[in-house]
Protein chains: 2
Amino acid sequence: MNRLETPDPNALPPLKVAMLGCGVVGSQVARVITEQADDLASRIGRRLELVGIAVRSLDRDFAGLDPALFTTDSEALVARGDLDILVELVGGIEPVRTLILKAIENGASVVTANKALLAQDGEALFSASEQQGVDIYFEAAVAGAIPIVRPLRESLVGDEITAVMGIVNGTTNYILDQMTTTGADFDDALAQAQELGYAEADPTADVEGYDAAAKAAILGTLAFHTRVRGADVYREGITRITAEDIQAARKLGCVVKMLAILKATDSGEVSVRVHPAMVGAQHPLASVGGAYNAIFVESREAGRLMFMGPGAGGAPTASAVMGDLVTVARNRVRGVAGPGESVYAKRPISPMSEVTTGYFVRVEVVDEPGVLAAAASVFASHNVSVQTVDQVAKAADESGVATAVLALSTHEARESDIQGVITELESRPFIRGEVSVIRVEGR
Amino acid sequence: MNRLETPDPNALPPLKVAMLGCGVVGSQVARVITEQADDLASRIGRRLELVGIAVRSLDRDFAGLDPALFTTDSEALVARGDLDILVELVGGIEPVRTLILKAIENGASVVTANKALLAQDGEALFSASEQQGVDIYFEAAVAGAIPIVRPLRESLVGDEITAVMGIVNGTTNYILDQMTTTGADFDDALAQAQELGYAEADPTADVEGYDAAAKAAILGTLAFHTRVRGADVYREGITRITAEDIQAARKLGCVVKMLAILKATDSGEVSVRVHPAMVGAQHPLASVGGAYNAIFVESREAGRLMFMGPGAGGAPTASAVMGDLVTVARNRVRGVAGPGESVYAKRPISPMSEVTTGYFVRVEVVDEPGVLAAAASVFASHNVSVQTVDQVAKAADESGVATAVLALSTHEARESDIQGVITELESRPFIRGEVSVIRVEGR
């Protein structure tokens, strides 16, 4: 096994790098590749040469780069037989999936931030790359600048991970933060986020939890050595969180956060879900603000680890891309590839109905004798044990009926049992409106 | 480049692993290798076979392992020509250095937790391993279970790290914690730590900062791509921290922590130091308790990252060892080695005298007219700008002389200037006793 020691990077031909996409992250990556060329060459052992950047239109800002690099012919770019590394920063499924597979087929290693594609069809990509003996690295797909993919993939690989819990979407974290600090309702907080660039014009992927679910699938696959796809992840966004929910959380000494929660049970199953949850105000995740991400990892030998940092943004995400790019480049210099995927464990993925957690249930009821007892027995009949109860009278409604807001938190209960409670409560005459349910984590 | 896809681990001969040491960490590592043999084999692609464990004496607990594995002949163990991986968990310089070099010479890769050896003579080890084309991995040498070595070495390798700051020694963190929460003085807090097993019978390596300095040297080498040796690190332990210092910190809204501080300046120099420092009570490091470690990394693209977790202990450190063991084993299965060292940058290491930081200076003075003015002008004459001043009268001493405690915090000042201030103050007749100085970080 030969290894070059501080070789002269100029003694060998450069590694040819192509990019798909040159947006917020891509322009930063291209800038670093250009401006840090010497340092990168020293760290890799050979120079990196940007040979092409595929974009949607040439009518654009060239970000200080050589306009000749830019092309709209992405198919020709990935079909080059001499490409060493493809950096994909476009996102989405097609045409990117086909382009990546073509690049791999032509012998290129891949660095990508594409969580949606990895969560939906990572299998095809990893299979192709293993067959060709090339790398796929994807640190930028999860948690921006924070090294979490590599630690799970290569550092904690001798340990047994039992749980992963974290804030992995900056948009929803910012919105919930705003609702918490200003008392704003969801629509206003979303508008504010969009104005400041923390949310997209079409915010669906973030606020409905698709982005978080894709990331959770990737984390779960790594943590549990088991293929977890985006479709396997229980997904619930934050669009139904109200200002009243936020207030109720505060009253309970909690904060509402959008969490990715991955757990392994002793019996060998795993559960992977993303949804809003109440966390105790003292929990470290409660103080993770704005666009920051934070991920807790619990494993048998290591205990509890926490990783925290900027979860999004051009420069932070570029940092993750560059780390992968140098690693993949170093591998190519030495004629090797990294360890590939490890999905041998094939652990069963529990359906959401089987998951157990705490719940906070809030509902408006008619303020009459027997209502509390009736509500309580609904819980009991579904095997859900109540931990705390709070009932507060409301002003009488238009018809003059006195109502109250009844709020209960439960001990650990089964999701299917809680769904049974909600269904039955909503069928009862003493209920006004819908039952609000927020899961409780780490209170 | 061929890569085996989910191979049958039993189809090939196992990888032969030997251990030096079977103490708190070693016994845990041996246990995991044994109990998780199937999972490890699936993740690596071949089985691991423990072929020998060298210990000081065979008159010992065999930790549930096969007594036949144990030997006192470490030289014979490392001289085996068929060893794939040596796991070194003894610590110290000799005879371990010679044994490791012998193992490398015989073609074995090395996994070690030996911070002292790496900080003192990493160069010889890395040079030998590069020549032989084998790996040296050392995640367990710094911050216990927290993946920090690998993220610096392989994830942030496309970025420019500008600062690293952290709590890397659990013993001193525990002692300072105790002093802070109970008001105990150093000696009592140390005794408490020893009683609970958080400090050794001979606590010098921890309380005098040797352990932290070795870790800082390792982190600095990785962060700045520059060889930093233990001797290059400014080292000041916590033995002179008093209960009064702790109180003064609290009054200033700060907490005293033992920190490793690594910084890169714009002009290209780097500074590496370990010493007690005041951090603002709101700073995340202020709340890192007991035996936990936490490390902040600031880099140009990524921004601010934080890593936190158990910094010591058998199981947490074993987690780091196992992660390295699987990675090194995977490399051997594929006939490759990892990227080795990157120390091309050769950045100048600033002497401590050139470092700038904030300072908190506390001294007892005679309570007479003109003393405050005289003290203040000492600061001014040495180009140190004062930020806050606090003077509190003390009860008259035995000779009836009225004294006061004068406490000043400075703006960012140069170490050599502050040393000039202290020297001059201590020469003045209005000073009683020594000047207490604690550096201030992140207030």
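In chain B, β9 and β10 form a hairpin with 5 residues between them. B:G268 in the turn has a positive phi of about 100°. Strands here are DSSP runs of E with at least two residues, helices are runs of H or I with at least four, and both are numbered from the N terminus. The model is predicted, so local features need pLDDT of at least 70 and side-chain atom pairs count only at pLDDT 80 or more, while totals for chains, interfaces and linings use all residues. Residues are numbered from 1 along each chain as its sequence is written, chains are lettered from A and ligands numbered from 1 in the order in which they are written, and side-chain values use heavy atoms, with hydrogens and water left out.

Strand β9 (residues 254–264) of chain B runs antiparallel to β10(B), and 11 bridges join them. Two strands count as paired if DSSP finds at least two bridges between them. B:A260 stands opposite B:V274 of β10(B). B:R235 also stands opposite B:V274. This contact belongs to strand β8 (residues 234–235) of chain B, which pairs with β10(B) in the parallel sense over 2 bridges. Strand β17 (residues 431–440) of chain B is a further parallel partner of β10(B), again over 2 bridges. There, B:V440 is the bridge partner of B:M278.

How many residues of strand β10 of chain B are buried? The count is 11 of the 11 (residues 270–280), so the strand is largely enclosed by the rest of the structure. Buried means under 20% relative accessible area, exposed means over 50%, and partly exposed lies in between (1.4 Å probe, protein chains only). In a regular strand the side chains alternate between the two faces of the sheet. In β10(B), B:V270, B:V272, B:V274, B:P276, B:M278 and B:G280 point one way. B:S271, B:R273, B:H275, B:A277 and B:V279 point the other way.

A second sheet of chain B is open and parallel, with 6 strands in the order β3-β2-β1-β4-β5-β6. β3 (70–71) and β6 (136–137) of chain B stand at its edges with a single partner strand each, so one side of each is left without a neighbour in the sheet. Strand β1 (residues 15–20) of chain B is joined to β4 (residues 85–88) of chain B by 4 bridges. B:V17 stands opposite B:I85 in β4(B).

In chain A, 6 bridges join β1 (residues 15–20) to β2(A), in parallel. A:V17 stands opposite A:L50 in β2(A). Strand β2 (residues 48–54) of chain A is mostly covered, with 6 of its 7 residues buried.

Chain B superposes on chain A by a rotation of 180° with 0.0 Å of shift along the axis (RMSD 0.0 Å). That is the relation of a two-fold axis. The C-alpha of B:F307 is the nearest to the axis in chain B, 2.4 Å from it. Superposition is by least squares on the C-alpha atoms of residues with pLDDT of at least 70 in both copies.

The whole structure holds 7 aromatic pairs over all chains. In one of these, the rings of A:F126 and A:F138 have centres 5.7 Å apart and planes at 70°, so the pair is edge-to-face. Rings of Phe, Tyr and Trp (its six-membered ring) pair if their centres lie within 6.5 Å; planes under 30 degrees apart are stacked, over 60 edge-to-face, and the rest tilted. A:F126 is buried at 6% relative accessibility, and A:F138 is buried at 4%.
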